[in-house]
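Student: I've got a model open here and would like to go through it. Can we start with the contacts and then move to the ligand?

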Amino acid sequence: MSKLWGGRFTKATDKLVEEFTASIEFDKELAMEDIQGSLAHVKMLGDCGIIPLEDVHVIQNGLLSIKKKINAGEVEFSVIHEDIHMNIEKLLIDEIGTVGGKLHTGRSRNDQVATDMHLYLKKQTETIINLIVDIQKSILAKSKENVHTILPGYTHLQRAQPVSFAHHLMAYFWMLERDKGRLQDSLKRINWSPLGAGALAGTTFPIDRKQTAAILGFEMVYPNSMDAVSDRDFIVEFLSHASLIMTHISRLSEELVIWSSQEFRFIELDDSFCTGSSIMPQKKNPDVPELLRAKTGRVYGNLMGLLTVLKGLPLTYNKDMQEDKEGMFDTVKTLDGTLRLLAPMIETMIVKQENMYSAVSQDFSNATDIADYLVTKGLPFRQAHEIIGKIVLHAINNDKFLLDLSLEEYTQFSPYFSEDIFQILLPKQVVQARVSEGGTSFEQVEQQIQLAESFI
Ligand code: ARG
């Protein structure tokens, strides 16, 4: 079968080379974007008087009919035509005859593929943003039910100070809010149109780049044709934002795994999100959060892969750049699947409020509060810290917690203690007392939730 670019060649392409250089196996994913770009391009060619309007109509109809056939699964792509761009052009010529060959006037695959990728990532970025909002909503719903649920807050995975469970969950809301902001910001750059840059230097035809940009919904055209065909920053940005999203999801997943362990028993994931063991009948494994945690690896890998492909590439297009696609598709698919699972998993998880409460009742996470108590009685904080350290040691040595000590025991360490200390040490009171802006007191958490609602 003859190649669309075969004119200059006297020998057929080696079979292995044909397969090695072809991208159709994966870039067929861009079929719809490719047709969308071609429809805009051919309309502009007609409007600018570069090809006759009758030809424009024939080409448009041909493209629409190919689109239908692809969607109906009636089309077989071939490695002989290397990539999605040439496969579609070949299909068009088969469909409408040689007039189909006018479509590629004033265009190169270099600006074409860049356009397809912009269109693709724009659509995917918008979907991902919506999926993030779904997770934020499920976090908000769970948080609203758990403002007064108290659990230990940790530093170094050691119990530190008790917090509202809503406060803990809402931390993830804000991470996702920043992720969403980064994706929204990246749309500004995804919204540049490379179409009309030609192979690298522009074209001799009087094309109208602003028109194709407007038809395709782009906000501006790349001001430099060489940059337009060389730029893959927008993909790197996407992969990098995806990596950070996965970092956040992985941290949350890790907490879900820990919290659902027998050692913690803070939550129970719904049966529909867990699996059993082939040998141990008692097992209910948190496979979903484990896999979400693990999939972070491939997303990071895709980012590193593309950065490495691009480094050191001379301007402008190089075949190396064809390697930008599989990692991008894989990241989109991974992120999409991950985000879709997370919202229902959060919604259906059972929060074991009593277990969380009994954890905070049996630890020293109220120690800072007695220190603060002594400060309100006039002691410098550093001195109060020292005294409480000794009290904690005394309690540990006697197998007791701070609430179990008697007032007499307290006053042995400082004369400032009185009966009201026991009120201050209650876990709910400890949480309630953190009234500073963004702190974990119930009112602050309620306010935070209210603010969060205005973000979605
Ligand atoms: N399949 C190619 C890619 O994805 C399309 C651009 C090819 N351009 C070229 N000059 N060979 O990068």
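Tutor: Fine. This is a predicted model. In the protein chain, residues 24 or more positions apart account for 76% of the contacts with a separation of 6 or more.

Student: How many helices and strands does the protein chain have?
Tutor: The protein chain has 19 helices and six strands. Its radius of gyration is 31 Å, well over the 23 Å from the globule rule for 456 residues, so the chain is more spread out than a compact globule.

Student: And what does the C-alpha trace span along its principal axes?
Tutor: About 100 × 55 × 40 Å. As for burial, 38% of the 456 residues count as buried.

Student: Switching to the ligand. Which residues are around it?
Tutor: Ser23, Asp27, Asp83, His85, Arg109, Asn110, Val113, Tyr317, Lys319, Met321 and Gln322. By type, that shell divides into four charged, four polar and three nonpolar residues.

Student: Which helix gives the largest share of the shell?
Tutor: Helix H6, residues 109-145, with three residues.

Student: Where does the ligand shell lie relative to the domains?
Tutor: Between domain 1 (13-105) and domain 2 (110-358), because both give residues to it.

Student: Now H14. Which of its residues are buried?
Tutor: H14 covers residues 367-376, and its buried residues are Ala367, Asp369, Ile370, Ala371, Tyr373 and Leu374.

Student: What do those pack against?
Tutor: Three helices: H15 (381-397), H17 (421-425) and H18 (427-432).

Student: And what follows H14?
Tutor: Glycine 378, with a positive phi near 110 degrees.

Methods. Residues are numbered from 1 along each chain as its sequence is written. This is a predicted model: local features need pLDDT of at least 70, side-chain atom pairs count only at pLDDT 80 or more; totals for chains, interfaces and linings use all residues. Helices (H or I, at least four residues) and strands (E, at least two) are DSSP runs, numbered from the N terminus. The radius of gyration is taken over C-alpha atoms; the globule rule is 2.2 Å times the number of residues to the power 0.38. A residue is buried if 20 or more other C-beta atoms lie within 10 Å of its own, exposed if 12 or fewer, and partly exposed in between; C-beta atoms are placed from the backbone. Two residues are in contact if their C-beta atoms, placed from the backbone, lie within 7 Å. A residue is near a molecule or strand if its C-beta atom, placed from the backbone, lies within 6 Å of it. Ala, Val, Leu, Ile, Met, Phe, Trp, Tyr, Cys and Pro count as nonpolar, Asp, Glu, Lys and Arg as charged, and the others, Gly among them, as polar. Domain bounds come from an automatic or database domain assignment.
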